Amino acid sequence: MALEKRREFELLISRPPWNNSTVWIEYAKWEESQNEFGRARSIWNRALKKDYRDHTMWLMYGDMEMKNNFIDHALNVWDLAVTFFPKVDELWYKYIHMEEMMLNNVAGARQVFERWMAWTPDQQSWLSYIEFELRYNETERAREIFERLVQCHPKVSSWVEFVKFEMKNGEGKKLLQEGCR
């Protein structure tokens, strides 16, 4: 039965590539459902060799590795994915989630955030980094990130967030006085 199903999938992926990504995904998911993780991984890799530019395939591949607790494989997938797609926020969030929540690797998550910030992402990405630091009571680090945020995105909304932060964390009056000069 399984051999027959594999032959069907192999036949489908050997046809012209008009809609191959769907077939590749179905094939990899089927192998995963058979607990054939090595085969599923091989299929994801073959699919990405054909077309590495499909970031949704990277997301699905990384999710498979995470869901089945293949941590090292998942880390490799996320690392490659953010290298190919540095402007796709969802990939960064998945990578950081894995480092922080699954591995309890705060330093690793911080390194991933720093790699991401080098690409000057949108304001929300910076705010996520700040929230991350505040979860660990790293107020001074959060302040430094805010300073970088307002340099990267010097707009009113960035400054408003920074002032709110400073008002809450004790430096608000000083910041307002410096800003009024």
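Here is a short tour of a few helices, a loop residue and the nonpolar core. The coordinates come from a predicted model, so please read each point below as a description of that model. Helix α10 has its buried residues along one face, helices α2 and α4 run roughly parallel, and the largest nonpolar core holds 49 residues.

**Helix α10 and what follows**

- Helix α10 covers residues 156-168, which is 13 residues in total.
- From first C-alpha to last, α10 reaches 18 Å, close to the 18 Å expected at 1.5 Å a residue.
- Its buried residues are Ser158, Phe162, Phe165 and Glu166. Looking down the axis of α10, these fall within an arc of 95 degrees, so they line one face of the helix.
- Turned away from that buried side, α10 carries the exposed residues Val156, Lys164 and Lys168.
- Just after α10 comes Gly170, with a positive phi of about 95 degrees.

- Lys155 sits in the loop between α9 (139-152) and α10.
- The relative accessible area of Lys155 is 41%, so this residue counts as partly exposed, a class that lies between the 20% and 50% cut-offs.
- Lys155 and Gln123 are 32 residues apart along the chain, and their C-alpha atoms are separated by 9.8 Å.

**The nonpolar core**

- In the largest nonpolar core, the residues that touch the most other members are Trp44, Trp58, Trp78, Leu91, Phe113, Ile130 and Phe146.
- As general background, nonpolar side chains tend to be buried together in soluble globular proteins.
- Leaving aside residues up to four places away in sequence, Trp78 touches Trp58, Leu59, Gly62, Asp63, Met66, Leu91, Lys94, Tyr95 and Met98. Two of the core residues named above, Trp58 and Leu91, are among these contacts.

**Glu65 in helix α4**

- Helix α4 spans residues 55-67 and includes Glu65.
- Glu65 has 0% relative accessibility, which means it counts as buried, the cut-off being under 20%.
- Not counting residues up to four places away in sequence, Glu65 touches Arg41, Phe70, His73, Ala74 and Val77.

**How α2 packs on α4**

- Helix α2 (residues 20-33) packs with α4 at an angle of about 5 degrees, and their axes are 11 Å apart.
- Because angles under 35 degrees count as roughly parallel, α2 is roughly parallel to α4.
- On the α2 side, the contact is made by Ser21, Ile25, Lys29 and Glu32. On the α4 side, Met57, Met60, Met64 and Lys67 take part.

Technical notes. Residues are numbered from 1 along each chain as its sequence is written. This is a predicted model: local features need pLDDT of at least 70, side-chain atom pairs count only at pLDDT 80 or more; totals for chains, interfaces and linings use all residues. Side-chain values use heavy atoms; hydrogens and water are left out. Helices (H or I, at least four residues) and strands (E, at least two) are DSSP runs, numbered from the N terminus. The expected span of a helix is 1.5 Å times one less than its number of residues. Buried means under 20% relative accessible area, exposed over 50%, partly exposed in between (1.4 Å probe, protein chains only). The arc is that of the directions from the helix axis to the C-beta atoms. A nonpolar core is a set of buried Ala, Val, Leu, Ile, Met, Phe, Trp, Tyr and Cys residues joined through side-chain atoms within 4.5 Å. Contact means heavy atoms within 4.5 Å. Axes are lines fitted to C-alpha atoms, for helices over the stretch in contact, and angles run from 0 to 180 degrees between N-to-C directions. Angles under 35 degrees count as roughly parallel, over 145 as roughly antiparallel, 65 to 115 as roughly perpendicular and the rest as oblique.
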